[in-house]
Amino acid sequence: MSANLRMEKILQVKSDLDKKLINEGLSKNQQKMLNEINRRLNEAPVSYDGPERMEPGIERKINQRQTPYAENPMLPQDGDRDFIELITSQRFKDSVEKVRRFLGNTTPIQGNNPMMGLMSTIMGSLQQIKQVEIQNKEYLENLAVDLVKKELGIPEGQLQFDVELVSGMMGASEGMQTQPQEPDEEEVEEAFKEGEEHQEEMEDFMDSMEKFNLEKAKRRMINSLVQGAAFKGGHMYTLVSDEINRLDPNILNLYGITQSLMEHLYWLYPDMEGMAGSGGGQMGQSESDPETDPPTIKAKAFTFPLLVHEIVKGIYSLYGDQGLPNDPVQRSMVLRAEDTLPSEIWDSRLGPIFWEKFRNAWPDKLYKDDQRHLQQYLFMRFSQLDAKDLANLSKAFLADKPEAKEVFDRMVNEVIEILKKHKYESKMSDDKDDSDDSDGSDNYGNNDDDDFDDLDDIDLSALGF
């Protein structure tokens, strides 16, 4: 009997016993059996609600704590349960429900080897999608940019975009490592002892390796949030359903099918990390160029939803990079250790639930149309926190603590004040120079990142700092 059928039978027995317990009571042996079933289900690190199962190798890595999040100080603890085990169960159930919503049932993702049928469904849907998209390529590229700018509140002139719908798979994006490159202890000691600009402000007992490990953990958290934001962005196509339906009445449903199934592949594909490590077969990629004026977001993808995904990822990557160490040697070490394709696979699996918890801690005012632009500034300010402070705040919002919401509210208020200050100073400067080439718009996009250095340290006393 397969593992799926065996679990399905156990769940059915549990359901029958639960009903009998309520209606007529259980015999001593039946109660003993129900207690044993409940005990075993509760002890299972990853829990399931139905017959759908993730690939055994993925589940084994989670159970044995062999993920990039192992011992990450940014994550909260919940008694004896590992946080990654807890959120994995929820994230997998969410993925199953998404498949059920677009396919009507989850039969294609059940069984011991659903890959062949699943890939056939995806490829068939992608072929139909490309027939429509090829004829509307430029329109969809512009629509993707306009959609992201509107939903993220990107002010006009803050960023420029270079996006493309492609017709084939792509290789690994530049700058992404296929495997982590860990420096030796001597290199870390040299970089984090000599390169620290404010050495006197660091705790005396914290050695260079501890600093390096904290910076790596911080980068892992930021990368997870970026990927989570991107995956949420991959479903923003529903916000332009009227425009898409005008192109073809079937394409909206095809987008839903392909997005849900491709996301679920992350839980079914054996050794997807190994495949990612080879650097090929990518259906989307993005990068940012902060050296242009304004900064450029570059994105390529195979479908419209994936293009939106990559644009969102590029934007948040640009702002998340503000959290990297200023020292170029330290920065390079952190990037080589954490920005890897295999780690990005795990960010894709779990990042969406990190991002959801992050957004749940935001002040409500950030969702108002005239306040959405503050979301990016908040993310940038969060990324700039000291690694130890970011760890404490991350543990708070991941654990759904109300104190996290209070801290984010204060951060937003301080960001608003610095933006007001910058706007006022810019206006005074324009008046003084009698400039005629200002368009009079509330464009906060051209202020330097150094503006945020004027902010005092965020008051984190609510978290006990």
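Begin with the open sheet of three strands, whose order is β1-β3-β2 and whose pairing is mixed. Strands, like helices, are DSSP runs numbered from the N terminus (E, at least two residues, for strands; H or I, at least four, for helices), and two strands pair if DSSP finds at least two bridges between them. The model is a predicted one, in which local features need pLDDT of at least 70 and side-chain atom pairs count only at pLDDT 80 or more, while totals for chains, interfaces and linings use all residues. Residues are numbered from 1 along each chain as its sequence is written, and side-chain values use heavy atoms, with hydrogens and water left out.

Select β1 (160-165) and β2 (284-289): they stand at the edges with a single partner strand each, so one side of each lacks a neighbour in the sheet. Neighbouring strands of this sheet are turned by 10° against each other on average, direction ignored; the axes are lines fitted to C-alpha atoms.

Next, select β3 (residues 296-301), which pairs with β1 in the parallel sense over six bridges. Opposite Ile297 in β3 stands Phe161, and opposite Lys298 stands Asp162. On the β2 side, six bridges join β3 to β2 in an antiparallel arrangement. There, Ile297 is the bridge partner of Ser288. The two strands β2 and β3 form a hairpin, with six residues between them.

Proceed to helix α13 (residues 328-338). Its buried residues (under 20% relative accessible area, 1.4 Å probe, protein chains only) are Gln330, Met333, Val334, Ala337 and Glu338. Viewed down the axis of α13, these fall within an arc of 105°, so they line one face of the helix; the arc is taken from the directions from the helix axis to the C-beta atoms. At the start of α13, a side-chain oxygen of Asp327 comes to within 3.1 Å of the backbone nitrogen of Val329.

Center on Leu350 to find a kink of about 50°, shortly before the proline Pro352. Of the 20 residues of α14, 17 are buried, so the helix is largely enclosed by the rest of the structure.

Finally, select Asp82, in the loop between α3 (56-63) and α4 (83-103). Asp82 counts as buried because its relative accessibility is 14%. A polar atom of the Asp82 side chain lies 3.2 Å from the backbone nitrogen of Ile84.

Notes: The bend at a residue is the angle between axes fitted to the seven residues ending there and the seven starting there. Buried means under 20% relative accessible area, exposed over 50%, partly exposed in between (1.4 Å probe, protein chains only). Axes are lines fitted to C-alpha atoms, for helices over the stretch in contact, and angles run from 0 to 180 degrees between N-to-C directions. A polar contact is a pair of N or O atoms within 3.5 Å; within protein, one must be able to donate a hydrogen and the other to accept it, and residues adjacent in sequence count only if both atoms are side-chain atoms.
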